[in-house]
Every structure is written in structure tokens, then in C-alpha cells.
Amino acid sequence: MEKYYTTGQFAKLAGVTIRTIRYYDQIGLLKPSHVLDNGYRQYCNQDLMTLQKILSLKELGFSLEEIYPLIIEDDKKSFQESLQLQTSLIDQKIKHLTNLKSAIKSTEKILKRDHISWEKIIELINLTNDEDFLIKQYQNSKNLTARIQLHNLYSYNQQGWFPWLFEQIDFSTVYRLLEIGCGNGKLWENNHYNLRNREIFLSDSSEGMIEEVKQKLGNDYNYIVVDGQNIPFRNTYFDTIIANHVLFYFDDVLQGLQEICRVLKNHGTFYCSTYSKKHLHQIVDLVQSFDSRIQLSKDSLPEKFGLENGKDILKNYFEYVEFKKYEDYLYITEASPLIDYIMSCHGNQKEYLSPRLKEFRRYIEEIIEKNHGIKIDKDCGLFICHKPIR
């Protein structure tokens, strides 16, 4: 028979205050398993697993808003996955704190010699100020994985975006290649070209992403943390540059294109992909029908650089611009991967959906059951640009 605890008993058992338990109940983070007719809350042993996840993730640096999606499942498998995540992040945090301790000791020794090394002070500041680096790294990786996973699971086009994109690259002309915004390196996972006598530079603005890619792909590639609007290479260094769904994230797209042209050879090739305003529009419609306040993107990315205006923008920098359309759509039959995708977006959805995730899940499941799935249109493609104007 299931054992139940009052709010006070549950709080005492877990070593937290009653106020904390009541607050988690109030914001929908940890609801009691049972509510009596007189309104008294009762918690069970299963709730202890959820509470452990909340407290541990909070201790590791996650905000309550970030914790909501991680505790929506409360079964044994979910708890095991949470423990694995906690272990991984703690290992990385120990490594980070060890480096910080070493830097502090080193700085202390220098000060004892009455000599101030400003380089050491800057290193110490950077390490001290990097407390939330691991969380950002985890979130970046998790968000990218969620977006890729939805397409892997439900795309009609069985070839897949990354194999198709890889197929468009003319490797007969590639000797020095730069990918701007390589993410988790998905484009290179199934590379079948001999890299001998070729230099491939994979770059990203996220140091965490670069570390992940390096671990995944090994030493056949060069890895560098780069802002695509300030590329640290000399003029005409690369014969090929790739920017896969990246340009619209630049603060200044035109400045980014100027930099790309600067480091690209006169007869080099620039491959850049993007999508239109219609791309995945049913997902936007779905979340806004649930809550009209939700915006999945802070900016309209295709307005900055999309299929509608991309060719006109690129023609100011390249003499020849070719477009190739990628034909595909999604047919989604499960709620969880779609919710993961929605929560990975760059908008305000966490603010409005996090406290209502279970309700939102039921909402999507009902739509899927009623319509036997959800069809989502894709509208994306690739611009292939040759010979920048000098």
C-alpha cells in the first residue's frame, strides 16, 4: 500500500522547509500526489524522486524555469537519466573547480614575490566568472539535439538534411574549408572523403560546442571558437566556407558577409542555408493557439536572412548565386519530441509553458489522437555562391 506524507512530514523527510514545498506546489513544480477533501496535501515516495531532481539541478545552477522540462517525466527511467546528467555535470564542475583552485594558488604564489601578473589576474577573473558555463554548455547541446532529433524521427525525406547538405559540397575544389557555426558537428559524422592534404576548420561561438565536437570527431579536424563576424584568418585563406542555418543569428548579417568574402579566395565557394517564413509555421500556430503570448523566436530570423530575401542580399557580394530547394515535411505522431523541440527554441516559451507542461502535453496528445498525427511543412534550402566581387 502506498505511503503518504503530510506537507510537514514530507518536508522533514527531505530536509527542506515547509515553505519550500508549498512554493513548489504553488508554481506547479511539484504538485502533491493526493489532495484530501479538506484541502490537505499528501505526498508519496514517488514525489521524493521528483524533489531530488529539483534540488540537485538547482544546486548545480539550473534556474527553476530550466528545471520544469527536466522533471515532466517522473518514472524510474527518467530518474535514472536525471542521475546520469547530475553525475556528468558534477564531474565537469569538479574539473572546473580544480582548475580554479590551481589558478588561485598560482596567483597567490606570484603575489608573495611582490610581482603582479595581470595575465594571471585576467585568467582568474575569467575562471571565477564562468560558474554557469557548464549549464550553458549543457543547454546549448540539449537544445540543438532536440531540434535535430525531431527531424530525424519524423521527416518524410529519408535522406536527411545533413547527408543532403554534405552531398551538395564540391569536395574536388576543397583544400581549406571553414564551417561557421558547426554546432555539434552533425555535418561531418558520416564524412567519407579522405582528409589528407585538406584542412578542415570547424568553428562555433560556443566553447562548449567545440569541446563536444572535438570529443566526437577526433583529431582529423581543426577546432576554433570564432565569432563569424570577426574571423581570425588572413585574406583569401579559404577556398570553401559553409554557414548552415547561421547567418540569421548574426547581429549584423552584412558585416558577417563582408568577413566571409574577405577570407574566401577569388574563386572560392560559399554554401549557406536558411529557411522561409513558412518553415514549420504549424508549430508556431499550435503553441499560439494554446497561449497567444508565446513567441518561439525573439526575432523573425527569415526577415534577417531567409529564402525570400537571401538571394538579393548575397548578390551584393557574389557574382553568381544558385539556389537548391530541400523537399521535405514532418509528420509527428508523438508529443514528447515536439515538446522538446518547442522548449529548445530561443523565444519566451519557457516563461509561459514551463508551469503548464503537463497541460500542454495533454493538449498536443489530444490533437495527435484526433488527427492521427500533425503534419508540419518545411521550407528550406541552400544558396551556393561563387566568386565574390572584389
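This is a short tour of one predicted model, stop by stop.

**The whole chain**

Start with everything shown. The secondary structure of the chain comes to 16 helices and 12 strands. Of its 390 residues, 47% count as buried. Among contacts between residues at least 6 apart in sequence, 75% join residues at least 24 apart.

**Strands β5 and β6**

Select residues 199–204, which form strand β5, and residues 222–225, which form strand β6. The two strands run parallel and are joined by 4 bridges. To get from β5 to β6, the chain passes through helix α9, residues 207–217. This β-α-β crossover is right-handed. Within the pair, pick Ser 203 and look across: Ile 224 in β6 stands opposite.

**Thr 236**

Next, follow the chain into the loop between β6 and β7 (238–244) and select Thr 236. Thr 236 is not a glycine, yet its phi is positive, at about 50°. Most residues other than glycine have a negative phi. Is Thr 236 buried or partly exposed? With a relative accessible area of 31%, Thr 236 is partly exposed.

**Helix α10**

Select residues 253–263 for helix α10. The N-terminal end of α10 is capped by Asp 252, which has a side-chain oxygen 3.1 Å from the backbone nitrogen of Leu 254. Now colour the buried residues of α10: Val 253, Gly 256, Leu 257, Glu 259, Ile 260, Cys 261 and Val 263. When reading that list, keep in mind that an α-helix has 3.6 residues a turn, so residues three or four places apart point the same way.

**Ser 273 in strand β8**

Move to strand β8, residues 264–275, and select Ser 273 there. Ser 273 counts as buried because its relative accessibility is 2%. Which side chain does the side chain of Ser 273 meet in a polar contact? The partner is the side chain of Asn 244, at 2.6 Å. Show the other surroundings too: leaving aside residues up to four places away in sequence, Ser 273 touches Trp 161, Ala 243, Asn 244, His 245, Val 246, Gly 381 and Leu 382.

**Helix α8**

Helix α8 covers residues 161–168 and is mostly covered, with 6 of its 8 residues buried. The buried ones are Trp 161, Phe 162, Trp 164, Leu 165, Phe 166 and Gln 168.

**Cysteines**

Select the cysteine sulfurs. How many disulfides does the structure hold? The count is 0. Take Cys 272 as an example: the nearest cysteine sulfur, that of Cys 385, is 4.6 Å away. A disulfide needs two cysteine sulfur atoms within 2.5 Å, and Cys 272 is in no disulfide. Cys 272 counts as buried, at 0% relative accessibility. Cys 380 also counts as buried, with a relative accessibility of 4%.

**Leu 280**

For the last stop, go to the loop between β8 and α11 (281–290) and select Leu 280. Phi of Leu 280 is near 55°, a positive value in a residue other than glycine. Is Leu 280 buried or exposed? Leu 280 is buried, because its relative accessible area is 5% and buried means under 20%.

Note on methods: Residues are numbered from 1 along each chain as its sequence is written. This is a predicted model: local features need pLDDT of at least 70, side-chain atom pairs count only at pLDDT 80 or more; totals for chains, interfaces and linings use all residues. Side-chain values use heavy atoms; hydrogens and water are left out. Buried means under 20% relative accessible area, exposed over 50%, partly exposed in between (1.4 Å probe, protein chains only). A polar contact is a pair of N or O atoms within 3.5 Å; within protein, one must be able to donate a hydrogen and the other to accept it, and residues adjacent in sequence count only if both atoms are side-chain atoms. Contact means heavy atoms within 4.5 Å. Two strands pair if DSSP finds at least two bridges between them. A crossover is right-handed if, with the strands pointing away from the viewer, the path from the first strand over the helix to the second runs clockwise.
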